[in-house]
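Please look over the sequence and the structure shown here before reading on.

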Amino acid sequence: MPYARSIPAIIAGAVAVAIVSACGDASTGTTVTVPGAPTIGAVTAGNASASVTFTAPASSGGAAITGYTASCAGGGTAISGAGSASPITVTGLTNGTTYSCAVTASNSAGTSVPSAAITVTPISPITAPGAPTIGAAIAGNATASIAFTAPASTGGAAITGYTVSCSGGGVIRTGTGTTSPIVVTALINETAYSCTVTATNSAGTSASSGVVTVTPVVSTGTVNTASVLCPFSGSYTGTYSTSGTLTSTWAWTCTGTTRTLIANGLPNHVVGTFPNAGNPNRITAQSINFSATLTPTAGVRNANIGGPGGASVFSLAGVKFDPGTAGTCPGTMTATSQCNLAMGTDVWRLEALGQTTFNFGEDVNNAHVQPSGEYHYHGMPEALLTNAGASNTNRKMVLVGWAGDGYPVYARYCFTNAMDATSAVKVCSGSYARDTAADPGRPSVSLVQLGAFVSDWTYAAGSGDLDDCNGRTGVTPEFPNGIYYYMATDSYPYFSRCVKGRIN
């Protein structure tokens, strides 16, 4: 019987089938084993944690992988995390402790051998630093030096720098550095500032420290100007309108501590027509004898300068800078004819520039002639800049005269950074703003426009480049180490109405 089999053989075959069913794939006869080891990737440190990346093993062992386990051993302990895919985050680690991390794969037959191991050290999260502690503030000449101490917490990363912010006069000035103290520049003298400091690291910037107040002041030290244009003399012959051909002469000399000017007050450039409809006076030679100290000392403010208060500045050629006028109006006026433009005694004092209500007869140099025949500037001396070759296409600082306290006077152009002679030259602006509403008792704006009176202008510290006397401290071509100086500006007050130094 060819198909007959013995019973033992049948039993043996049954046993073999049973064994295959328990340890392999019954349909294929494949034996299931544990998976191969996964391939570990990057291990990223976190806050008391580590993120472990990996790729699946090349061999699954003949059965589906049911999960992975990442284990990190360090500090005498081993902590694990489980998951079905990469990455797996292991938590409960100790910051600052180095761990060796590996990953295994599991299937129905068991768990693989571990992957290669990678070390990782969990870290605390990096945050912005704590606030520094503010210290003393030392006032300087348009500067403030702010001291501080480092914050108690760096936030987990090195502090890369500090920023001091000083707020005052409607503006905020800042200074930066890596250590204390930090100096903030371009401040306005005699303006109160509130200063704070912050710290910065790779995560961001701290909250502000406490506040310290400081008021910059003009240096009380002295400078010596004797080396600049002294002696200096010259002459100019030209036609002075209806006065005909005349010769301007000027001579500056320095003796001891005094700079002295002897001049005849005639300008060294062309002038407009005088008399004219707004100015009935004829130009005549004067006898100018003016002196100022060669060692000006700042810090003594004198407000009674300019206009009826007296001359504040003379040009290098001996012409007076006199921004104010003797014109006034009564508060109860009903017509502009009630104003006296020449010898007024009323409260509301007029401006020659910045208004069109009244005609003071200025020429292109913003100048006209007093009843005495003295030609004088009320605003920007355009011809002086033209003679010096200064223009908007050739901006440069031009020394145009000396003030009564001995400080120099420049016109229109100044350095963008007052203390940096390599910075761009710009048009310097005053820091006064025209009022938006009339003062109580003022003549009606329907008769006299805003800006026509001295009282229509208010100093707004920080709104321009200059202080309340239309000056600032900085370097100039003649004074590369810096000096306090005044500016002639296109905006009010046009020239200084006060000085910051001693008058002889």
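Cysteine 414 and cysteine 428 form a disulfide in this predicted model, with their sulfur atoms 2.2 Å apart, and the link is right-handed, with 90° about the S-S bond. Because cysteine 414 lies in strand S30 and cysteine 428 in the loop between strand S31 (425-427) and strand S32 (432-434), the pair ties together parts that are 14 residues apart in sequence. Cysteine 414 is buried, with a relative accessible area of 0%, and cysteine 428, at 2% relative accessibility, also counts as buried.

The count comes to 6 disulfides, and their pattern, with bonded cysteines counted along the chain, is 1-2, 3-4, 5-6, 7-8, 9-10, 11-12. Another of them joins cysteine 72 to cysteine 101, and this link is right-handed, with 115° about the S-S bond. Here the pair links distant parts of the chain, since cysteine 72 is in strand S3 (residues 67-74) and cysteine 101 in strand S6, 29 residues apart. Cysteine 72 counts as buried at 0% relative accessibility, and cysteine 101 likewise counts as buried at 0%.

A further disulfide joins cysteine 166 to cysteine 195, and the torsion about its S-S bond is about 115°, so this disulfide is right-handed. Cysteine 166 is in strand S11 (residues 161-168) and cysteine 195 in strand S14 (residues 193-201), 29 residues apart, so that the pair links distant parts of the chain. Cysteine 166 and cysteine 195 are both buried.

| Disulfide | S to S distance |
|---|---|
| Cysteine 72 and cysteine 101 | 2.1 Å |
| Cysteine 166 and cysteine 195 | 2.1 Å |
| Cysteine 414 and cysteine 428 | 2.2 Å |

Turning to charged side chains, the structure holds 9 salt bridges. One of them pairs glutamate 382 with arginine 412 (2.7 Å, N to O), and because glutamate 382 lies in helix H2 (residues 382-387) and arginine 412 in the loop between strand S29 (408-411) and strand S30 (413-415), the pair ties together parts that are 30 residues apart in sequence. Arginine 412 is buried, with a relative accessible area of 12%, whereas glutamate 382, at 26% relative accessibility, counts as partly exposed.

Aspartate 490 also forms a salt bridge with arginine 412, the closest N and O atoms being 2.7 Å apart. This pair links distant parts of the chain, 78 residues apart, with aspartate 490 in the loop between strand S35 (483-488) and strand S36 (499-501). Aspartate 490 is partly exposed, with a relative accessible area of 40%. Elsewhere, salt bridges that share partners join Lys320, Asp322 and Glu374 into one network.

What does the side chain of asparagine 107 reach? Asparagine 107, which lies in strand S6 (residues 99-107), reaches the backbone oxygen of threonine 33 at 2.9 Å and the backbone oxygen of serine 60 at 2.7 Å. At 7% relative accessibility, asparagine 107 counts as buried.

The largest nonpolar core has 55 residues, of which Leu261, Ile283, Tyr375, Tyr377 and Tyr486 touch the most other members. Strand S35 gives the most to this core, with 6 residues. Among the residues that isoleucine 283 touches are Leu266, Val271, Phe274 and Tyr375. A second, separate core of 17 residues includes Leu187, Ile188, Val212 and Ala461.

Definitions and conventions:
Residues numbered from 1 in each chain as written. Predicted model: local features only at pLDDT ≥ 70, side-chain atom pairs only at ≥ 80, totals over all residues. Heavy atoms only, no water. Helix = DSSP H or I, 4+ residues; strand = E, 2+ residues; numbered from the N terminus. Buried < 20%, exposed > 50% of the residue type's maximum accessible area, 1.4 Å probe, protein only. Polar contact = N/O pair within 3.5 Å; in protein donor to acceptor, adjacent residues only side chain to side chain. Salt bridge = Lys/Arg side-chain N within 4 Å of Asp/Glu carboxyl O. Core = buried A, V, L, I, M, F, W, Y, C linked by side-chain atoms within 4.5 Å. Contact = heavy atoms within 4.5 Å. Disulfide = S-S within 2.5 Å. Lists of a residue's contacts leave out its neighbours within four places in sequence.
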